[in-house]
Amino acid sequence: MAQENYVEGNDDFYYEVEDSETKLMKETPYEILEDDQKKKLGKNNEANMTLYNALPRKEYERVFICKPAKEVWHTLIIPHQGNLQVMNCKIHLLTQEYEKLSISNEETIDSGFTRFNAIVTSLKSLDPDYSSKNHVRKFLRALPLKWRANVTAIKEAKDLDTLPLD
C-alpha cells in the first residue's frame, strides 16, 4: 500500500505519495490531484484545524510541525495519556481515591458528588471495562452521618441496582 502524506508548501498544499518505482516520496500540486486525494487532504486539514484550535499555546507549539492529523494525535497521546505503565498507575491511584472517598460534614453534597463523579469519569476514560454497577451504593456510603436518615429512605424506596447515579 502506498504511503501518503499531506504537506503544506509555501502558498499551496501538496499531496505526497510514495512513487512505486523509485520508492521516494513525490509531491503533487493540489490543482492536479484526483478528487479522492483532494477530499483526503481536505479532511486532514479540517482535522488539523480542529486539533490546533482546541490546544493551548504550549501544546500547539509541540505539534504545529506535524502535517498529518494522525501524527498530531500520536504526538499528543503520550504526554497526556501516557504509556501503559503510566495508565495502570493512574488507574491504581484513582481506584484508591474511589475506595477511600468520604464526604465531610462541612462539604456540600454537590461538591462531594462533583469530586466523586470526576473520579468515576476518569476511571471510565482510562479503563473502558470499568464497571459502574455499585456507584450509587458507594456514594451513599460516603455521605456523612447527618445524611443517614435520607440514605436509609432512599435505600428503602428505590432499587439501588437500577437507580442511576445522577
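**Note on a predicted chain: rings, charges and helix packing**

1. Tyr52 is buried, at 15% relative accessible area. Buried means under 20%, exposed over 50%, and partly exposed in between (1.4 Å probe, protein chains only). The model is predicted, so local features need pLDDT of at least 70 and side-chain atom pairs pLDDT 80 or more, while totals for chains, interfaces and linings use all residues. Numbering starts from 1 along each chain as its sequence is written, and side-chain values use heavy atoms, without hydrogens or water.

2. Start with the overall layout. The chain has seven helices and three strands. These are DSSP runs numbered from the N terminus (helices H or I, at least four residues; strands E, at least two). Read from the N terminus, the order is β-β-β-α-α-α-α-α-α-α. The chain has 166 residues, and 28% of them are buried. Among contacts (heavy atoms within 4.5 Å) with a separation of 6 or more, 38% join residues 24 or more positions apart.

3. Next, the charges. How many salt bridges does the structure hold? There are three. The term asks for a side-chain nitrogen of Lys or Arg within 4 Å of a carboxyl oxygen of Asp or Glu. One of them joins Arg57 and Glu61, with the closest N and O atoms 3.2 Å apart. Both residues belong to helix H2 (residues 57-63), and because they are four residues apart, about one helical turn separates them. Arg57 is exposed, at 61% relative accessible area. Glu61 is partly exposed, at 43%.

4. Helix H2 has another such pair. Glu59 and Arg62 form a salt bridge, 3.7 Å from N to O. The two sit three residues apart in H2, about one turn of the helix. Glu59 is buried, with 9% relative accessibility. Arg62 is partly exposed, at 34%. A salt bridge also links Arg115 to Glu107, and its closest N and O atoms are 3.0 Å apart. Arg115 counts as partly exposed, at 35% relative accessibility, and Glu107 as buried, at 19%.

5. Where do the buried residues of H5 lie? The buried ones include Gly112, Phe116, Ile119, Val120, Leu123 and Leu126. They cover an arc of only 135° around the axis, so they are on the same side of H5. The arc is taken from the directions from the helix axis to the C-beta atoms. On the other side of H5, Asp110, Thr114 and Ser125 are exposed. The buried residues of H5 pack against helix H4 (84-99) and helix H6 (135-142).

6. Now the rings. The structure holds four aromatic pairs. Rings of Phe, Tyr and Trp (its six-membered ring) pair if their centres lie within 6.5 Å; planes under 30 degrees apart count as stacked, over 60 as edge-to-face and the rest as tilted. Tyr60 is partly exposed, at 28% relative accessible area.

7. What does the pair of Phe113 and Phe139 tie together? Phe113 lies in helix H5 and Phe139 in helix H6, so the pair ties together parts that are 26 residues apart in sequence. Phe113 is partly exposed, with 23% relative accessible area. Phe139 is buried, at 10%. Ring pairs also join Tyr98, Phe113, Phe116 and Phe139 into a cluster. Phe116 was listed above among the buried residues of H5.

8. Tyr98 has a charged neighbour. The charged end of Lys138 sits over the Tyr98 ring, 5.9 Å from its centre. The test is NZ of Lys or CZ of Arg within 6 Å of the ring centre and within 35 degrees of the ring normal.

9. Last, Leu140. This residue belongs to helix H6. Leu140 is buried, at 7% relative accessible area. Leu140 and Asn150 are 10 residues apart in sequence, and their C-alpha atoms are 9.4 Å apart in space.
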